Amino acid sequence: IEAAEAARKTPDTADAAAIVLARAHLERYRQVADPADLGAARAALGSAHVERLGTPDRAEYLIGLGGSLFLEDDFGAAAEIFESAMEIAPAAGEGAREAVLDWYGSAMERWAAPYTTSRRATMLERLIRRMELEQAKNPGSRAASYCLVAGLRALGSEASEPDGRPGEPESLHLEVPCPTGAAGNPVQPLDRAATHGILEFRLEG
């Protein structure tokens with residue numbers, strides 16, 4: 001956080017540093033649940049000039065924005081943001097792409113949870129279609145595979161039982177995601193590549 005705050009004072013690194021700062025506050029909020037961190041993350045994201053961002057930083061911005069909405073329990077808006085980030089997320093690395101899919105799956109599950117069978121089924125079908133598309137693009141994606149299987153299983157529970165009674169809705173059991181590395185191994189959401197790499201790249205440039 002201190003490094004990002006310092007980098008925000010330099011015009012060339014200010015916008016990228018704001019994104020790193022926002023995601024650092026979001027991660028700390030997840031650890032200690034201090035509302036001040038959520039507020040600081042929103043403020044940092046709001047200070048970034050999105051139109052100046054390159055594609056990798058724009059992907060990181062959308063991940064941060066979606067994450068903040070998710071942590072505010074605005075799951076529908078979060079899902080829409082994460083879905084909009086899917087096409088550009090690979091520019092920020094395979095870990096970012098997997099993180100977006102994880103976040104999207106979790107957001108869709110929580111968004112669908114309160115609804116009745118027909119509405120919930122429609123939302124699960126949307127999740128399944130998206131994950132089928134993402135898996136076709138990258139068959140090695142663990143996040144896409146997991147969310148696809150979870151979505152199909154949950155949708156199956158919406159089908160009628162043999163006696164005609166609707167089955168009990170089944171949760172996807174998707175946890176609040178932790179981004180994964182290029183090999184699919186769990187890493188800290190704010191690993192060295194996220195917290196230092198972006199800033200070092202711009203400071204050296």
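How do the axes of α6 and helix α7 cross, and within what distance do they come? I will get to that after some background.

This is a predicted model, in which local features need pLDDT of at least 70 and side-chain atom pairs count only at pLDDT 80 or more, while totals for chains, interfaces and linings use all residues. Residues are numbered from 1 along each chain as its sequence is written, and side-chain values use heavy atoms, with hydrogens and water left out.

The protein chain has nine helices and zero strands. Helices here are DSSP runs of H or I with at least four residues, strands are runs of E with at least two, and numbering starts at the N terminus. Of the 205 residues, 48% count as buried, meaning under 20% relative accessible area with a 1.4 Å probe, protein chains only. The accessible surface is about 10,100 Å², and carbon and sulfur atoms hold 54% of that; the areas come from the Shrake-Rupley method with a 1.4 Å probe.

Now the opening question. The axes of α6 and α7, residues 117-137, come within 9 Å and cross at roughly 170°. Axes are lines fitted to C-alpha atoms, for helices over the stretch in contact, and angles run from 0 to 180 degrees between N-to-C directions. That crossing makes α6 roughly antiparallel to α7, a label for angles over 145 degrees, whereas those under 35 count as roughly parallel. On the α6 side, the residues in contact include R97, L101 and Y104, and on the α7 side they include R120, M123 and R126. Contact means heavy atoms within 4.5 Å. By class, this contact has eight nonpolar, one polar and six charged residues. Nonpolar covers Ala, Val, Leu, Ile, Met, Phe, Trp, Tyr, Cys and Pro; charged covers Asp, Glu, Lys and Arg; the others, Gly among them, are polar.

Helix α6, residues 94-112, also packs with α4, residues 55-71, at an angle of about 25°, with the axes 11 Å apart. These two helices are therefore roughly parallel to each other. E60, I63, G67 and F70 of α4 make the contact with a set in α6 that includes A96, V100 and W103.

Last, one residue. A89 sits in the loop between α5 and α6. Is A89 buried or exposed? At 0% relative accessibility, A89 counts as buried. Apart from neighbours within four places in sequence, A89 is in contact with A59, A96, R97 and V100.

Conventions:
Angles under 35 degrees count as roughly parallel, over 145 as roughly antiparallel, 65 to 115 as roughly perpendicular and the rest as oblique. Buried means under 20% relative accessible area, exposed over 50%, partly exposed in between (1.4 Å probe, protein chains only).
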